[in-house]
Amino acid sequence: MLDFARVLKVGLKHSAAGPLIPLTTPWGERILAGEEPAWSHPRPQFARDGAICLNGWWGFSAGTDALDRQVRVPFSPEAALSGIGERTEPGCELWYRRELPEIDLAGGKRALLHFEAVDWECEVWVNDVRVGGHKGAYLPFALDITEALAAKDSGTAVLKVRVCDPGDAGTQLRGKQSSTPGGIWYTTQSGIWRDVWLEVVPATHLTSLQVDASLDGEVSLTVGVDGAGAEAAVVRARILDEGEEVAAAAGVVGAPLCVRIPQPRLWSPADPHLYDVELTLGDDVVRSYFGMREVEVRPDVDGCRRFFLNGEPLFMRGVLDQGYWPDGLMTPPSPEALEFDIRSMLDAGFNLLRKHIKVEDGRFYELCDRLGMLVMQDVPCGGDAYSSWHSSKKPTLFRASWTAVRDTGERAHRALAASDAAYREEWVATCEGMVELLRAHPSVVAWCLFNEGWGQFDAAEAAQRVWALDPTRPVDATSGWYDQGVGDFWSIHNYFRPLGPERCRAAEGRAYLLSEFGGVTLAVAGHVSREDTYGYVEAADGAGFRREVAGLLAQADALEAQGCAGFVYTQLSDVEEEVNGLLTYDRRVNKLAG
């Protein structure tokens with residue numbers, strides 16, 4: 001039965017206006033004290049020696065190209081760790097400038113400039129030569145700047161970047177960023193917000209690696225190569241297990257390299273074993289890794305559909321991970337901070353993180369691979385301004401709407417904030433790019449396409465598209481509501497009703513997943529961003545919080561015996577006004593600790 005009192009309390013709550021109370025994480029505090037952040041390769045699955053980090057202080061300006069300020073890259077100017085910490089207006093042009101180090105391009109070598117993420121549209125110049133641009137906030141891209149470097153007459157090469165972000169005044173993918181943050185919506189950000197780096201590669205060089213491994217030890221490596229004579233290039237691959245070679249192969253580009261690993265050691269949360277890969281093409285050497293595991297949704301011995309890992313049913317005990325930080329916003333202050341979050345949730349008994357409405361830093365997925373944390377990965381959302389009726393009030397009040405609302409056609413697109421064709425095109429491109437980017441990570445075990453109807457459109461077609469790109473993982477097509485009868489999960493959110501087995505005719509042939517629930521709040525004095533707070537179940541004190549959370553988790557665990565495949569508790573940490581985290585926003589207090 002719907003808890004109307006709780007619905008009214010949450011639904012009538014208004015967000016506080018005004019600036020946030022400043023908070024810093026332990027890692028951000030060290031940066032503000034002058035400690036240079038340690039740098040590691042942002043592409044652990046495709047890494048060369050000699051990568052040059054371009055993070056640090058850049059010239060910066062907002063609104064003009066005067067470049068009269070300094071910003072610390074890779075933090076957005078809205079983040080305190082950027083050294084600016086000021087909001088930029090939607091559509092404002094942001095300008096960046098820095099000098100590039102001298103590099104050796106003898107022998108036809110190429111210089112590749114990498115951006116891990118820029119929000120949202122950018123153009124890039126080297127020595128006043130435009131070298132390219134990019135649209136989209138969540139995926140990495142690279143530009144070949146070799147000719148532009150050669151164009152300079154003398155002196156030091158100069159890199160300039162122009163960025164424009166419409167914010168929530170546009171329809172582009174923006175996740176949970178809002179110009180009026182409050183409740184479940186957070187401070188907007190813009191500009192460069194992930195690593196910028198440079199590498200020098202041979203004229204003919206490796207560009208990509210895709211590894212497909214089966215449980216019997218069969219491994220297929222598909223390699224991409226660019227440059228003159230690429231079609232006849234010979235690639236060599238070595239598979240290493242704790243430093244010892246266990247398999248090797250060589251072949252011409254275009255055909256997969258196939259090897260067999262004797263007595264393969266499978267990847268699992270209990271034993272997150274990884275094999276290292278060394279690829280060689282002439283003078284080009286790339287390091288990578290992979291894990292051998294298989295995931296699927298299928299019936300158990302009693303005919304109940306469940307999540308299986310390596311042929312055995314596994315109950316997913318997940319927690320919602322927003323990936324926000326008080327000092328860095330969407331940029332973690334360091335890889336150590338990411339590791340802290342992951343280890344904290346493993347220690348609390350969870351085995352899965354649902355990375356919510358955000359594609360994370362590449363080092364996050366490597367940490368999950370190495371630590372044994374499963375990941376359900378969301379596609380970021382966007383579209384028109386969301387209707388509170390369609391995205392919240394109707395599905396909360398009328399459970400029947402969960403299966404009655406269609407998401408195809410012009411009228412449905414308008415209702416679900418997906419009327420802009422450019423948004424739909426960007427969503428498809430980002431979804432496809434995300435799958436290609438992350439599909440080699442063994443920790444990533446499922447894709448989640450749409451959440452609570454935000455910008456939802458043509459979910460059945462989207463699920464088919466993702467299955468075609470990656471048939472090895474299950475798909476949660478519609479998390480929360482507005483189910484279209486597709487995907488591997490009957491996926492629901494439950495904050496206002498008693499927890500119990502959720503079944504309906506639309507769920508037949510799919511596994512039941514409680515993909516969001518919980519939301520117990522506790523504001524820890526000195527560790528909150530706002531005086532007003534938001535959540536679903538308010539605890540009076542720390543003991544009450546722990547008691548309430550433990551009770552909800554016990555109820556969710558009991559659903560396994562009733563046919564549930566897993567759950568996702570809300571949430572890992574507080575974020576701004578939303579204080580329903582198991583950790584405080586600054587990561588200084590674990591609320592589960594007695």
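User: What classes of residue make up the lining of the largest cavity?

Analyst: Four nonpolar, six polar and five charged residues line the largest cavity. Keep in mind that this is a predicted model. The volume of that cavity is about 100 Å³. It has 15 lining residues, and the closest to its centre are T88, E89, P90, D165 and G167.

User: How many cavities of 30 Å³ or more does the structure hold?

Analyst: Five of them. Of its 10 lining residues, W481, H493, Y495, F496 and R497 are the closest to the centre. Two or more lining residues come from each of α6 and β30 (489-494). By class, six are nonpolar, three polar and one charged.

User: Where does L397 lie?

Analyst: L397 lies in helix α6, which covers residues 388-397.

User: Why is L397 called partly exposed?

Analyst: Its relative accessible area is 36%. Buried would need under 20% and exposed over 50%, so L397 falls in between and is called partly exposed.

User: Which residues form a nonpolar patch on the surface with L397?

Analyst: W389 and F398 do, and together the three have about 290 Å² of accessible area.

Conventions
Residues are numbered from 1 along each chain as its sequence is written. This is a predicted model: local features need pLDDT of at least 70, side-chain atom pairs count only at pLDDT 80 or more; totals for chains, interfaces and linings use all residues. Side-chain values use heavy atoms; hydrogens and water are left out. Patches are made of residues with over 30% relative accessible area and no salt bridge: like charges are joined within 9 Å, nonpolar side chains (Val, Leu, Ile, Met, Phe, Trp, Tyr) within 5 Å. Accessible areas come from the Shrake-Rupley method with a 1.4 Å probe; for residues, only the protein chains shown count as cover. A salt bridge is a side-chain nitrogen of Lys or Arg within 4 Å of a carboxyl oxygen of Asp or Glu. Helices (H or I, at least four residues) and strands (E, at least two) are DSSP runs, numbered from the N terminus. Buried means under 20% relative accessible area, exposed over 50%, partly exposed in between (1.4 Å probe, protein chains only). On a 1 Å grid over the protein atoms alone, a cavity is a set of points where a 1.4 Å probe fits but cannot get out, and a pocket is an open set with protein on both sides within 12 Å along at least five of seven lines; lining residues have an atom within 4 Å of a point. Grid points are joined across faces, edges and corners, and a volume is the space filled by probe spheres set on the points. Ala, Val, Leu, Ile, Met, Phe, Trp, Tyr, Cys and Pro count as nonpolar, Asp, Glu, Lys and Arg as charged, and the others, Gly among them, as polar.
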